[in-house]
Amino acid sequence: MKILFLISLLVVSFIVIKSFKRKVAQRRLTRTKHKKIGDMIECDVCGLHIPESKATINRGKFYCSLDHANQGNLPPAP
Ligand SMILES: [Zn+2]
């Protein structure tokens, strides 16, 4: 009878550990997903939202493309 109790205790602890590990792995996965997406920034010319890692930065302003980065440097029309 003691052995039966020990086996059931082992099985229960195994299941608990397994589900805990799965939760930790899922949490880690969602964290890395958020890191990959990164912060979204707005293009100074067209207002398009793009990930910061793909943005073109010129004089401290963010742009969606090189064209808009050049447009952003043009002096305002009279
Ligand atoms: Zn743009």
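Leaving aside neighbours within four places in sequence, which residues is Ala-69 in contact with? I looked this up in a predicted model. Ala-69 is in contact with Thr-56, Asn-58 and Tyr-63.

**Entry 1: the core.** I next asked which residues form the largest nonpolar core. The core has 5 residues, and Ala-69 is one of them.

**Entry 2: the overall plan.** I then turned to the secondary structure and found 2 helices and 4 strands. Read along the sequence, the elements follow the pattern α-β-β-β-β-α. The protein has 78 residues, of which 8% count as buried. I also looked up the contacts between residues at least 6 apart in sequence; 9% of these join residues at least 24 apart.

**Entry 3: Cys-46.** I located Cys-46 in the loop between strand S1 (40-42) and strand S2 (49-51). Is Cys-46 buried or exposed? Cys-46 counts as exposed because it has 12 C-beta neighbours inside 10 Å, and the cut-off for exposed is 12 or fewer. Not counting residues up to four places away in sequence, Cys-46 touches Cys-64 and His-68. For His-68, I recorded a C-alpha to C-alpha distance of 7.8 Å from Cys-46, with the two residues 22 apart in sequence.

**Entry 4: Arg-59.** I found Arg-59 in the loop between strand S3 (56-58) and strand S4 (61-63). Arg-59 is not a glycine, yet it has a positive phi of about 55 degrees. I record Arg-59 as exposed because it has 8 C-beta neighbours inside 10 Å.

**Entry 5: Gln-71.** I placed Gln-71 in helix H2, which covers residues 66-73. Why is Gln-71 partly exposed? Gln-71 has 14 other C-beta atoms within 10 Å, a count that lies in between the cut-offs of 12 or fewer for exposed and 20 or more for buried. I then looked up its separation from Val-45: Gln-71 and Val-45 are 26 residues apart in sequence, and their C-alpha atoms are 7.4 Å apart in space.

Notes:
Residues numbered from 1 in each chain as written. Predicted model: local features only at pLDDT ≥ 70, side-chain atom pairs only at ≥ 80, totals over all residues. Core = buried A, V, L, I, M, F, W, Y, C linked by C-beta atoms within 7 Å. Contact = placed C-beta atoms within 7 Å.
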